[in-house]
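Dear colleague,

The findings follow directly after it.

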Amino acid sequence: MRAARPRRVLLASPRSLCAGVERANEVVETLLERYAGTGRRVFVRKQIVHNLHVVRDLQDRGAVFVEELDDVPDGSVVVFSAHGVSPQVRVEAARRGLEVVDATCPLVTKVHAEARRFAARGDTVVLVGHAGHEEVEDTLGEAPASTVLVENAEDAAALEVPDSGRVSYLTQTTLALDETSQVITALEKRFPGIRGPGSDDICYATTNRQHALTAVAARSDVVLVVGSVNSSNSVRLVELATRSGAPAYLIDDAGGIRPDWIRDAGTVGLTAGASTPQALVDDVVTALGGLGPVSVTEHTTVTETVTFGLPAAVRTR
Ligand code: 0CH
Ligand code: SF4
């Protein structure tokens, strides 16, 4: 009997943790170490990043995740998540005497700063993003009276503003590049003088993961994306692979693999969102190996070197 031909696992690179997520996770880990044994708890407003396993792991190590500051006792230490906070949340934290450690990604902070600057010059600020996502809700909070949310090209084409000569746009950092470019084209058609950010708001990590997956999806019979369902950038990767013609599935971990997805696949493309630890990808490769022989190849489109320093409150003690 002939041995089965190994199934190829094609790993997209870059994948998994970005510099902003590494920094946010390290903020919580550092605080947990600092306060271990002191009786002082470390609160985190919202999920530090949108990954089930990261949150569970930090919870197991003592972090207390809350939805709002109301659930944080006065005077406690509270971490703001990588997705950012609105000025209203900052004001409330100060009023409550909370010790804030801000783990907002610097690239999200950049978008908040643009929102303030564009609104201050008298523009209507069009924020391109997904309603209800934390990053979007908190960016809207920078200049709520001047900012409107646009989710797609239809919204953009129908948008009415007080002065069509004074319009700027910004975007959520984790959007799909191809879809966003269509929305911006529609905005430019609707408002020919519209101004955008100095550099793209869709961040380097989102861009790199999408480019790498585009190359991998073209060579794959099926694509697996490791990430959680509320992770915008992970969901965008699934949609991107699907648009490229490969059936694609989002899984939190190896336990999410359904054998029928890969039964007839000669090549399985594999990637992970920016909030997904590499260890979860390793587990998926191992699990695929349990379903038949595999050969693992990596397709690298770019090598990432970006790192962000820790916030001063964590660095200096
Ligand atoms: O992709 P989203 O924004 O849902 O967030 P994530 O999965 O936690 O990934 C990291 C991005 C954090 C802020 O840009
Ligand atoms: Fe920052 Fe981009 Fe990572 Fe979000 S996905 S945390 S914006 S580097």
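Strand S9 (residues 222-226) is largely enclosed by the rest of this predicted model, because five of its five residues are buried. Buried here means under 20% relative accessible area, exposed means over 50%, and partly exposed lies in between, with a 1.4 Å probe and protein chains only. Strands (E, at least two residues) and helices (H or I, at least four residues) are DSSP runs, numbered from the N terminus. Cover is present on both faces of S9: Val222, Leu224 and Val226 are buried on one side, and Val223 and Val225 are buried on the other.

As to conventions, residues are numbered from 1 along each chain as its sequence is written, while chains are lettered from A and ligands numbered from 1 in the order in which they are written. The model is predicted, so that local features need pLDDT of at least 70, side-chain atom pairs count only at pLDDT 80 or more, and totals for chains, interfaces and linings use all residues; side-chain values use heavy atoms, with hydrogens and water left out.

The partners of S9 come next. Two strands are said to pair if DSSP finds at least two bridges between them. S9 pairs in the parallel sense with strand S11 (residues 267-272), over five bridges. Within this pairing, leucine 224 is opposite leucine 270, and valine 222 is opposite valine 268. S9 also pairs in the parallel sense with strand S10 (residues 248-251), over four bridges, and here valine 226 stands opposite isoleucine 251. Between S9 and S10 the chain passes through helix H9 (residues 232-243), forming a right-handed β-α-β crossover. Right-handed means that, with the strands pointing away from the viewer, the path from the first strand over the helix to the second runs clockwise.

S11 is likewise largely enclosed by the rest of the structure, because six of its six residues are buried. On one side of S11 the buried residues are Thr267, Gly269 and Thr271, and on the other they are Val268, Leu270 and Ala272. S11 pairs with S1 as well, in the parallel sense over four bridges.

The loop between strand S1 (7-13) and helix H1 (19-35) contains proline 14. The peptide bond from serine 13 to proline 14 is cis, with omega near 5°. Serine 16 belongs to the loop between S1 and H1 as well, and its phi is near 60°, a positive value in a residue other than glycine. Serine 16 counts as buried because its relative accessibility is 4%. For context, most residues other than glycine have a negative phi, and most peptide bonds are trans.

A positive phi also occurs at lysine 46, where the value is near 70°. Lysine 46 lies in the loop between strand S2 (42-45) and helix H2 (52-60). With a relative accessible area of 13%, lysine 46 is buried.

Which residues are around ligand 2? They are Cys18, Gly20, Cys105, Leu107, Thr173, Cys203 and Tyr204, where a residue is near a molecule if one of its heavy atoms lies within 4 Å of it. This shell comprises five nonpolar residues, two polar and no charged. Ala, Val, Leu, Ile, Met, Phe, Trp, Tyr, Cys and Pro count as nonpolar, Asp, Glu, Lys and Arg as charged, and the others, Gly among them, as polar. The space taken by ligand 2 is the largest cavity. A cavity is a set of points, on a 1 Å grid over the protein atoms alone, where a 1.4 Å probe fits but cannot get out, and a molecule sits in one if more than half of its atoms lie within 2 Å of its grid points.

Two further positions complete this account. Glycine 255, in the loop between S10 and helix H10 (259-262), counts as exposed at 71% relative accessibility. Its C-alpha atom is separated by 22 Å from that of alanine 217, 38 residues away along the chain. Valine 64, in strand S3 (residues 64-66), is partly exposed, with a relative accessible area of 23%. Valine 64 and phenylalanine 43 are 21 residues apart in sequence, and their C-alpha atoms are 4.7 Å apart in space.

With kind regards

Note on methods:
On a 1 Å grid over the protein atoms alone, a cavity is a set of points where a 1.4 Å probe fits but cannot get out, and a pocket is an open set with protein on both sides within 12 Å along at least five of seven lines; lining residues have an atom within 4 Å of a point.
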